[in-house]
Amino acid sequence: MVSGKKLPLPDSRYVVGLMSGTSVDGIDAAVVRIEGRPDAAPRVQLIAFANTPFPASAREEIFALFDPKAATLDRVGRLNVWLGELYAEAALAVIAQAALRPSEIYAIGSHGQTILHMPERVRTPDGRELSFTVQLGEGAVIAARTGIPSVTDFRIADMAVGGQGAPLVPFTEYMLYREDNRTLLLQNIGGIGNVTVLPAGCAPEEVTAFDTGPGNMLIDGLVSRLYPGERTMDTDGLIARSGTVSSELMDWLKQEAYYRLPPPKSTGREKFGSGYVDLLLTKRAELGLSAEDLVATATYLTAWSIGDAYRQFIEPKHRADEMIVGGGGSYNPALMDMLARELGPLGVAVRTQEDVGLSSDAKEAVAFALLADCTMAGIPSNLPSVTGASRPVVLGKISY
């Protein structure tokens, strides 16, 4: 945490949340109004939301630096500041959309762009075991351009006390979604899929969450490679709907060891990125699959991995009443139909954030506004039961 003045916590305040995920679709920016203490069932209202696509050159550079061999110090340093500028512009734009002035904003919380996440411990030459993560988007630049205290680099504090640094959104889901009489599953389908389990009437230490496996990452990666220059995603699931799931390829995909690892666990582009897309394209050639069949199978893999995670790790302890799905995958009807077929026979209703009057697009940006609010108040906002950390800690670093 960068030293500086501590701001008093107003009873009601506006906070901006910024999120860009593993799909690199752009910057999600939300202005929320928060009333009450951030750790005591705060009242939260979404005031404005906008998605700002990355400039093509920035998006290309982000994808290039997913390869550690290309991520030289000069390129990482430049992208860190470059993204800080883009995040600041996105924050100012959504503040204007909300008809507010920057001086009326209490804080900004920016997740940053992950280019590397390594929760598994590795050994250093002197015998230490370390895990690490890298999110870019310099907070000092965001604060300097907006004049607003900015909280960034949320994950590393949790990892410093033995956690995986992910997922972090479950803390905010516990505050906003828990119910006394129903067990809910909050499933996000971004580049990676992740689920939060909120048992009926649960305490914070009873919340569990983990990454279920690939979300849109493999689907988008395959579409970009199969239809170069034409498509980057399977809009409305039309490609998947025109194909047939390959049982032979699915049998091979199900052998991935990640699915059998018990929580807490997290994953990312390091496992399910371009290298995995290469493997799928090789298997396609071996099996003689059409492009449509390959996309249909990758789509079903996401649905199956979510259902498999429920059957293995959740249902034995907590039979869920409902799954509420957010993230870009919730807009893919083919994927949602497959997910409903996976969970419906198990008695779990599948709905979207929009079905319950909320926003799939804004959900994670809202979450990082809430996490920033906790940081500004000095309140721990990780859940050790979720990340595996040894204790609760205050997340993020503040730039004034």
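In which loop is Asp236 found? Select Asp236 and you land in the loop between α6 (217-226) and α7 (238-241). Helix and strand names here follow DSSP runs (H or I of at least four residues for helices, E of at least two for strands), numbered from the N terminus.

Before moving on, a word on the ground rules. This is a predicted model, in which local features need pLDDT of at least 70 and side-chain atom pairs count only at pLDDT 80 or more, while totals for chains, interfaces and linings use all residues. Residues are numbered from 1 along each chain as its sequence is written, and side-chain values use heavy atoms, with hydrogens and water left out.

**Backbone stops**

Stay on Asp236 for a moment. Its phi is positive, about 60°, although Asp236 is not a glycine. Asp236 is partly exposed, with a relative accessible area of 43%. The scale for such words is this: buried is under 20% relative accessible area, exposed is over 50%, and partly exposed is in between, using a 1.4 Å probe and protein chains only.

Next, select Asp153, in the loop between β7 (150-152) and α4. Here too is a residue other than glycine with a positive phi, near 55°.

Now look for two cis peptide bonds. Select Ala166 and Pro167: the bond from Ala166 to Pro167 is cis, with omega near -10°. Pro167 sits in the loop between α4 (155-160) and α5. Then select Pro263 and Pro264, which are also joined by a cis peptide bond, with omega about 0°. You will find Pro264 in the loop between α8 (247-253) and α9 (269-272).

**Along helix α1**

Select residues 56-65 to show helix α1, and colour Ala58, Glu61, Ile62 and Leu65, which are buried. Looking down the axis of α1, these buried residues fall within an arc of 100°, so they line one face of the helix. The arc is taken from the directions that run from the helix axis to the C-beta atoms.

**A pocket between domains**

Where does the second largest pocket lie? Domain 1 (12-171 + 361-399) and domain 2 (179-360) both give residues to its lining, so the second largest pocket lies between them. The domain bounds come from an automatic or database domain assignment.

To find the pocket, select Leu176, Tyr177, Gln353, Leu358 and Val366, which lie nearest its centre among the 21 residues that line it. The lining residues divide into 14 nonpolar, 4 polar and 3 charged. In this grouping Ala, Val, Leu, Ile, Met, Phe, Trp, Tyr, Cys and Pro are nonpolar, Asp, Glu, Lys and Arg are charged, and the others, Gly among them, are polar.

The volume of this pocket is about 370 Å³. A pocket here is an open set of points on a 1 Å grid over the protein atoms alone, where a 1.4 Å probe fits, with protein on both sides within 12 Å along at least five of seven lines; lining residues have an atom within 4 Å of a point. Grid points are joined across faces, edges and corners, and the volume is the space filled by probe spheres set on the points.

Select Cys202 and Cys374. Cys202 is buried at 6% relative accessible area, and Cys374 is buried at 0%.

Finish with the distance tool, going from C-alpha to C-alpha. Asn51, in strand β3, and Asp251 are 200 residues apart along the chain and separated by 37 Å. Leu253, in helix α8, is buried at 1% relative accessibility. From Leu253 to Arg121, 132 residues apart along the chain, the separation is 25 Å.
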